[in-house]
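Biologist: Could you take me on a close look at a single part of this protein, the annotated binding site, and then show me how it sits in the rest of the chain?

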Amino acid sequence: MRQPAKSAARVDVAVRAAVQAYVQGGHQDWRELASFCDQHYVRHLVDESANVEMMLICWKKGQASRVHNHGSSHCYLTVLSGGVEELRFTTGDTPLESEPTLAPRLPGVIAATSPCPLLLPDGVNHVCVGTTAYINDSMGLHAVRCDDAACGGPGAEEGAVSLHIYAPPIRRVRLYEPEADRVVTRAPGFRTIRGVEEEDQMDASLLSSTL
Ligand SMILES: [Fe+2]
């Protein structure tokens with residue numbers, strides 16, 4: 001982070017307090033924006049400005065993101081229903097030369113490079129309703145997945161619903177794909193924006209699971 005430590009600490013306290021107040025207030029308005037998809041998790045933009053964006057991500061049981069960075073943004077993650085697991089990774093100290101490679105022909109894909117650096121596991125956080133996790137690029141990478149054991153039960157959602165705050169908004173994300181030995185750069189997308197379905201449902205579906 002390039003920001004002065006004191007300034008970053010003040011923002012950190014303010015964001016965590018605001019999130020905590022929202023969760024403890026028992027607000028349910030987010031339910032109008034939340035919807036799930038059988039094929040993959042989906043992102044719903046709640047609101048954004050030049051400095052910050054807020055979104056819901058809905059995870060059915062078994063759904064997970066790929067390992068990704070956060071485009072030099074601050075990333076706060078909390079849970080509104082169920083639970084998620086955050087799997088942290090680092091790429092160690094070894095700088096690796098990377099070469100352009102064939103990028104997958106999917107909406108939002110900007111570029112791809114190879115090889116994929118070695119991903120070293122760096123801990124697992126269980127994020128439940130009311131707890132807040134934080135990451136930025138200087139801390140490493142992460143993948144997020146539905147904590148199946150924390151979801152379900154009578155009257156519960158069909159999976160987990162998490163709330164994400166990114167400052168500034170993430171316009172480019174790097175997805176680490178060790179199975180294909182590449183790193184893909186994509187523009188993130190959404191299934192819905194402020195409650196309105198994106199027009200091209202096929203593209204929106206693919207773009208909404210970019211992180
Ligand atoms: Fe993330």
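Modeller: Happy to! Let me start with one member of the site: H70 is placed in the loop between strand 3 and strand 4 (74-81). Keep in mind that this is a predicted model. The site itself comes from the UniProt record, an unreviewed entry, where the annotation "binding site" covers H68, H70 and H142. These residues are spread over 75 residues of sequence, yet they cluster in space, with a largest C-alpha distance of 9.1 Å.

Is H70 buried or exposed? It has 20 other C-beta atoms within 10 Å, and since 20 or more is the cut-off for burial, H70 counts as buried. Its contacts, setting aside neighbours within four places in sequence, are C75, I135, N136, D137 and I170. H68, for its part, belongs to strand 3 (residues 67-68). H68 is buried because it has 23 C-beta neighbours inside 10 Å.

Now for the surroundings. The protein chain contains two helices and 15 strands. Of the contacts with a separation of 6 or more, 74% join residues 24 or more positions apart. Its C-alpha trace spans about 50 × 45 × 35 Å along the principal axes. The radius of gyration is 17 Å, which agrees with the value near 17 Å that a compact globule of 211 residues would have. Buried residues make up 32% of those 211 residues.

Next, the interior. In soluble globular proteins, nonpolar side chains tend to be buried together. Here, the largest nonpolar core has 34 residues, and those with the most contacts inside it are L56, I57, C58, W59, V84 and A160. Among the strands that each supply at least two residues of this core are strand 2 (53-60), strand 4, strand 10 (141-146) and strand 11 (159-167).

E53 is buried, because 21 other C-beta atoms lie within 10 Å of its own. Leaving out residues up to four places away in sequence, E53 touches L45, E48, Y166 and P169. The C-alpha atoms of E53 and V67 are separated by 20 Å, with the two residues 14 apart along the chain.

Terms used
Residues are numbered from 1 along each chain as its sequence is written. This is a predicted model: local features need pLDDT of at least 70, side-chain atom pairs count only at pLDDT 80 or more; totals for chains, interfaces and linings use all residues. UniProt positions are given in the numbering used here, feature names are shortened, and annotations may be inferred rather than shown by experiment. Helices (H or I, at least four residues) and strands (E, at least two) are DSSP runs, numbered from the N terminus. A residue is buried if 20 or more other C-beta atoms lie within 10 Å of its own, exposed if 12 or fewer, and partly exposed in between; C-beta atoms are placed from the backbone. Two residues are in contact if their C-beta atoms, placed from the backbone, lie within 7 Å. The radius of gyration is taken over C-alpha atoms; the globule rule is 2.2 Å times the number of residues to the power 0.38. A nonpolar core is a set of buried Ala, Val, Leu, Ile, Met, Phe, Trp, Tyr and Cys residues joined through C-beta atoms within 7 Å.
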